[in-house]
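Please read them with the structure open.

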Amino acid sequence: MGQKVHPGGMRVGVIHDWKSNWYTGNKDFADFLQEDVRIRQHIYNKLAHAGLSDILIRKDAQRITIDIYTARPGIVIGKSGVEVDALRKDIHGMTSKAVHININEIKRPELDAKLVAQSIAEQLENRVSFRRAMKRSLASAIRSGAQGVKVQCGGRLGGGEMSRSESYSEGRVPLHTIRADIDYGFAEAKTTTGRIGVKVWINKGEIMPSGYESSTQQGDTRLGEQDQARRRGGRSEGLGESRQGGRGRGADREGLGPVRQRRPRRGAGQARGPRRPREEAPAENVDQPRTDEQGVSAEGREQPVIEQQVEETPPAVADAPDTKTQPDESAEKPKTARKPAAKKAPAAKAKPAARRTTKKDAEKGDES
């Protein structure tokens, strides 16, 4: 539980090849293996500043062929091939065999996981912020055409007392998809506070087996589009197509489980003829309207004929005079006609009221 497998070693024999190609018996196997380790260690130590990515070794009976992949071939070759000649002499002294060295240039170092890890480690040694270095390398890899990148740094990040690890990822990095070409690189940054490990995973696309048209016609198709087409039930491409064609097995949905088979509709396998009109049976608990021809109850008793009843006015009431009150003309007048009447109201109030005669007034009248 929790153990990680090297992505390159997991894909050896499927889409990747061995980095050392030779054959020997059990007696000399350990010596040949130790010889490969010493050759690689010597090259990495001597050309550490040359941006080495990978070293491939092929051995014959009396000859050793070494392929060196680097981003700076000029540094490896040296002026007039001096560095290559010195390296060839060193390896010849270690193995006492004829040595042939091929130098290959990496044109896009942003897509090489080993070189990306080395560049991040160099930035950490120069006291650059680890977040800035990780995000910068992440963006440059995606810009160069990678389908997915994941970067992880672990150690005393930022000079902290307690070690920790942080990771940033973008895109799609399917580690368990064997056909996905995932490049893995590791490097260490030697800082004043301790060593910081840098791990980089880069998804460069997929490598399809020979014979599939999708590998030539649709080489730029992203894996996500194929997965969506497979899950929607469309025609899949690549290895998934053979898995879908298996007998008695559901379509492979990349870890989502088997597809549940839908039940066929009733009568789907029979030949379809003209559709018959659908007869709807009347509900038992709902009263259905009846006509005079169907005037029989459920028990068999005849129902009386229902005649439409129309209210008629008796002749005595129809000949009577109209006793309705006539409408008031003042009520039918518009609101504007009522305004002058409101103005006359104060004049009516100005009339003198009838004065009561008191005894004092009567005496004053008699004196006069």
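1. In which sense do strand β2 and strand β3 pair, and over how many bridges? The model is predicted, so read every point below on that basis. Strand β2 covers residues 52-59 and strand β3 covers residues 63-70. Their pairing is antiparallel, and it runs over seven bridges.

2. Overall content. The protein has 368 residues, and 27% of them count as buried. Its secondary structure comprises 13 helices and eight strands. Consider the contacts between residues at least 6 apart in sequence: 56% of these join residues at least 24 apart.

3. The sheet that holds β2 and β3. This sheet is open and has four strands, in the order β1-β2-β3-β4. Its pairing is mixed. β1 and β4 (98-105) are the edge strands, each pairing on one side only. Helix α2 lies across β1, β2 and β3. The direction of α2 makes about 145° with β2.

4. Tyr23. Where does Tyr23 lie? It sits in the loop between β1 (20-21) and α2 (29-46). Is Tyr23 buried or exposed? Its relative accessible area is 78%, and the cut-off for exposed is over 50%, so Tyr23 is exposed.

5. A second open sheet has the order β6-β5-β8-β7. Here the pairing is antiparallel. The edges are β6 (164-171) and β7 (180-191), and each of them pairs on one side only. On average, neighbouring strands of this sheet are turned by 10° against each other, direction ignored.

6. Strand β5 (residues 148-155) pairs with strand β8 (residues 194-206) in the antiparallel sense, over seven bridges. Val149 has Ile202 as its bridge partner in β8. Gly154 is partnered by Gly197, also in β8. β5 is also joined to β6, by eight bridges, and these two strands run antiparallel. On that side, Gly155 stands opposite Arg164 in β6.

7. Helices on this sheet. α5 lies across β5, β7 and β8 and runs at about 20° to β7. α6 packs on the sheet too, where it touches β5 and β6. The direction of α6 makes about 20° with that of β6.

8. The α5 and α6 pair. How are α5 and α6 arranged against each other? Helix α5 (residues 113-125) packs against helix α6 (residues 130-144) at an angle of about 155°. The axes are 9 Å apart. Angles over 145 degrees count as roughly antiparallel, so α5 is roughly antiparallel to α6. The crossing is right-handed.

9. Residues in that contact. From α5 come Val116, Ile120, Gln123 and Leu124. From α6 come Phe130, Ala133, Met134, Arg136 and Ser137. By class, the contact holds six nonpolar, two polar and one charged residue.

Terms used: Residues numbered from 1 in each chain as written. Predicted model: local features only at pLDDT ≥ 70, side-chain atom pairs only at ≥ 80, totals over all residues. Heavy atoms only, no water. Buried < 20%, exposed > 50% of the residue type's maximum accessible area, 1.4 Å probe, protein only. Pairing = 2+ DSSP bridges. Contact = heavy atoms within 4.5 Å. Axes fitted to C-alpha atoms, helices over the stretch in contact; angles between N-to-C directions. Parallel < 35°, antiparallel > 145°, perpendicular 65-115°, else oblique. Left-handed = near helix turned anticlockwise from the far one by under 90°. Nonpolar A, V, L, I, M, F, W, Y, C, P; charged D, E, K, R; others polar.
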